[in-house]
Amino acid sequence: MLETSARLLRLLSLLQTPRDWTGTELAERLEVSARTIRNDVERLRALGYPVNATRGSVGGYRLGAGADLPPLLLDDEEAVAVAIGLRTAAGGTIAGVEETSLRALAKLEQVLPSRLRRRVNALQAYTIPVPRDEPGPRVAAETLTVLTACCRDREVLRFGYRTHDGSESVRKVEPYRLVNWGRRWYLVAWDLDLDRGDWRTFRVDRLTPRIPTGPRFTARELPEDVTDRVRRGVSSAAWRYRADVTVHASAEEVTARINPAVGTVEAVDANTCVLHTGADSIETMAVHLGLLNAPFHVTEPPQLVDYLRELADRYRDATRI
């Protein structure tokens, strides 16, 4: 039988799993009586842990949310996963969480057993992050918190929005989902403007929430997969430069060769398709086209046509003897 302090820690670990435990189940797990379980639950409550209890045949115990954050008990795999996540967050695209992530990581690593600290340190020592080809937009953690709360609570959201050409407006939407696509965050929402009245995709780094949020709304059914909607939104609106490229290969072949963030593919016939693509720079778009490994034809934008001709001359000169 476990000593009281060890038994309390084991009981707390069980209660932190997202499920209800009956007194009988807990007693069997800890090899004690149901009365001991009731006494241990009261000890945890006295220590500040909000243990909720329900009566009846389907009743049980569950750790609830309290005014103060109680200590968490993590198993080995959970502790390593949290440490890796904190290190990733410290260098991610969410502004304002770097310092907080490092503070939390320092506290966690201080108490990690040596066997786990070695695993975490090995990951850092033997992996090399590749620098991004261009700085990505940053999103404030507070903005993500407001948006996710509105999605969860189904509250109408008003925000200031800046489009890619710099024009600004105030939008009123029913928010539904946040999508993290590469270095960017997108909000999928129903636009309540009478002139729009449709599903829209908004760049989160271009919006500023207006507080307080609006009234609650009745949820609509999302018309399709959220990721597909964001992909089409990115293809049609988020890029500075866009192009429709005729590729002399099947749509299936081209789709298999590109990252979904590069664009969308439309079949013309069995051996031809159109790639609707774009990028924030002409150079990036030219690189994507070069990786298709198939003949293609471009007529616009003129900046892309000129740059591809320049690249063709440069590559030709590079192979002359």
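**Backbone exceptions**

Guide: Arg154 counts as partly exposed because its relative accessibility is 45%, where partly exposed is the range between buried (under 20% relative accessible area) and exposed (over 50%), with a 1.4 Å probe and protein chains only. Arg154 is not a glycine, yet its phi is positive, at about 55 degrees. It lies in the loop between helix 7 (141-153) and strand 5 (157-162). Helices here are DSSP runs of H or I with at least four residues, and strands are runs of E with at least two, both numbered from the N terminus.

This is a predicted model, in which local features need pLDDT of at least 70, side-chain atom pairs count only at pLDDT 80 or more, and totals for chains, interfaces and linings use all residues. Residues are numbered from 1 along each chain as its sequence is written, and side-chain values use heavy atoms, with hydrogens and water left out.

Asn293 also has a positive phi, about 60 degrees, without being a glycine. Its place is the loop between helix 10 (282-290) and strand 13. Asn293 counts as exposed because its relative accessibility is 66%.

Most residues other than glycine have a negative phi, and most peptide bonds are trans. The bond from Ile211 to Pro212 is cis, with omega near 5 degrees. Pro212 is in the loop between strand 9 (207-210) and helix 8 (226-238). The peptide bond from Glu300 to Pro301 is cis as well, with omega near 0 degrees. Pro301 belongs to the loop that runs between strand 13 (296-297) and helix 11 (302-318).
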